[in-house]
Amino acid sequence: MQFNSYIFILFFLPITFLGYFGLNHFEKDKAARIFLTVMSLWFYGYFNYSYLLIIIASIVVNFLIYKNMERAKKPLLFLGLLFNVGLIFYFKYYDFFVGNINAAFKTDFILRHITLPLGISFFTFQQISFIVDAYRGEVKNYSFSEYALFVSFFPQLVAGPIVLHSELVPQFRDKAKHRVNFDNLSHGVMMFTLGLSKKVIIADTFGGAVDFGIQQARTIAVGEGALTISEIIIVMLSYTFQIYFDFSGYSDMATGLGYMFNLKIPMNFNSPYKALSVADFWKRWHMTLTRFLTTYIYIPLGGNRKGKLRTYINTMVVFLVSGIWHGANWTFILWGILHGIAQCFNKLTGGFYKKLCEAIEKASIGKAVTGVFKGIQWFVTFAFLNVTWLLFRADSVTMWRQILKRLTVLNLDVRDGILEPFRIPKLRYLLKALHVYSGDNMVLWVSMIFVMVMALVLCLAFPNNYERPHKRNARSLVLTWGLLTLCIVSLSSVSTFLYFNF
């Protein structure tokens, strides 16, 4: 089941909300938790009921390991890590691993073509953090119903954020959160609506251009008919904005749903395209994944406490894991490596940049020069993100390289198929009224440029929705319900969130 679907908005969510708070109203706390868990499992199993066996088995095994942790801490920690990593490996990486062995050693091991269960990377990492915290003695006495709900709570189940037990379970126990809070409810509806609009209105628009461009790259990798320079730039920018608004939209919707149930979900997205470096980007993008990798991999490896060389090695390990976590393809691995190299470069030059900025600020024209310098930093970072996002989206490293090679071929033509998703209805009449040439191709170009510029403005000039102050007034009410109605009317074709694939 998806957030951007009729069955979720008009059926699942109202029933779950009324059932959960109805049971809590009669002080049936445990029954309310179980009800919310069952509904969350239905939400998950709606995609494929066979997935339920996997997540339920994962929950039960990890809970049993936790309950017996005091008896044999290290062996059970090792067993828990082996079980969870093995679960991800089998379902997500088995075919990739075997396929590469076959290619390298000319063997013919059989590929299983295993269907990837949705969200397995998210709920498995969440349980790894729980098992490690239990080993460290940081887990209080949780019941099975509390643990099962912590893992399966539907807003964060299939695409994050990766929540810690200490952030969610205490909220389950807080009786003040068992009653409907209309301020939280209105805040939640607003956040959910804004996130839904990011997905339906913005991300899916860019997705149409990306799909057309990637399909062209698949069918005609080189030669006549391949992507031109202009088309590559449009496709690259389109995917950069698509994944931003898609993931940002999901994060807003998850946060909004949490508010509706009086549960605060940790921030996972903080205007990452405002970043002035790759290091800054990773403090803003998928923040809970960065936190997990830092807490459970980087720091245990020694972090930055064992010298510069070890720091760089640890950083590369973390980003290699990040790349592998995102998918079983060499594109993700290379993407992680490139981001790791960029992060190491930031660490290497960070001191120089800091001294340079301090020197510039002291100069008589410091503010103006500082602004230009920051603009250059932003542009270089944004360009790097665009090129690596293209690798992230490509089917293979070879496709990515072929697309980049086409940048050296001077051809500025753009096919209407790439521009068509940006078409703004009735724009032709506006251009006529302004006495501007309004041929169909001009309409498409103006539409595309307008949408691109507006997307960039939204990324750079506005605060993220998590930090935006919530106002309960008539204006907010009208805008929220008007936007929600527009989004529901626009749900003619349900598109999957990009991070569902990871």
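**Backbone exceptions, helix crossing and a surface patch**

His-286 is situated in the loop between α10 and α11 (287–298). In this predicted model, the residue has a positive phi of about 45 degrees although it is not a glycine. With a relative accessibility of 0%, His-286 counts as buried, because buried means under 20%.

A positive phi is also found at Ser-271, where the value is near 45 degrees, again in a residue other than glycine. Ser-271 belongs to the loop between α9 (229–260) and α10 (278–284) and is buried, its relative accessible area being 4%. Leu-456 itself counts as partly exposed, at 28% relative accessibility.

Most residues other than glycine have a negative phi, and most peptide bonds are trans. A cis peptide bond, with omega about 5 degrees, joins Gly-160 and Pro-161. Pro-161 is placed in the loop between α6 (144–152) and α7 (165–173).

As to helix packing, the axes of α8 (residues 182–219) and α19 (residues 474–489) come within 9 Å and cross at roughly 40 degrees. The two helices, α8 and α19, are therefore oblique to each other, and their crossing is left-handed.

On the surface, a nonpolar patch is formed by Leu-430, Leu-434, Val-436, Tyr-437 and Met-442, which together have about 500 Å² of accessible area. Within this group, Tyr-437 occupies the loop between α17 (427–433) and α18 (440–461) and counts as exposed, at 61% relative accessibility.

Note on methods. Residues numbered from 1 in each chain as written. Predicted model: local features only at pLDDT ≥ 70, side-chain atom pairs only at ≥ 80, totals over all residues. Heavy atoms only, no water. Patch = residues over 30% accessible without salt bridge, like charges linked within 9 Å, V, L, I, M, F, W, Y side chains within 5 Å. Areas by Shrake-Rupley, 256 points an atom, 1.4 Å probe, with all protein chains shown as cover. Salt bridge = Lys/Arg side-chain N within 4 Å of Asp/Glu carboxyl O. Helix = DSSP H or I, 4+ residues; strand = E, 2+ residues; numbered from the N terminus. Buried < 20%, exposed > 50% of the residue type's maximum accessible area, 1.4 Å probe, protein only. Axes fitted to C-alpha atoms, helices over the stretch in contact; angles between N-to-C directions. Parallel < 35°, antiparallel > 145°, perpendicular 65-115°, else oblique. Left-handed = near helix turned anticlockwise from the far one by under 90°.
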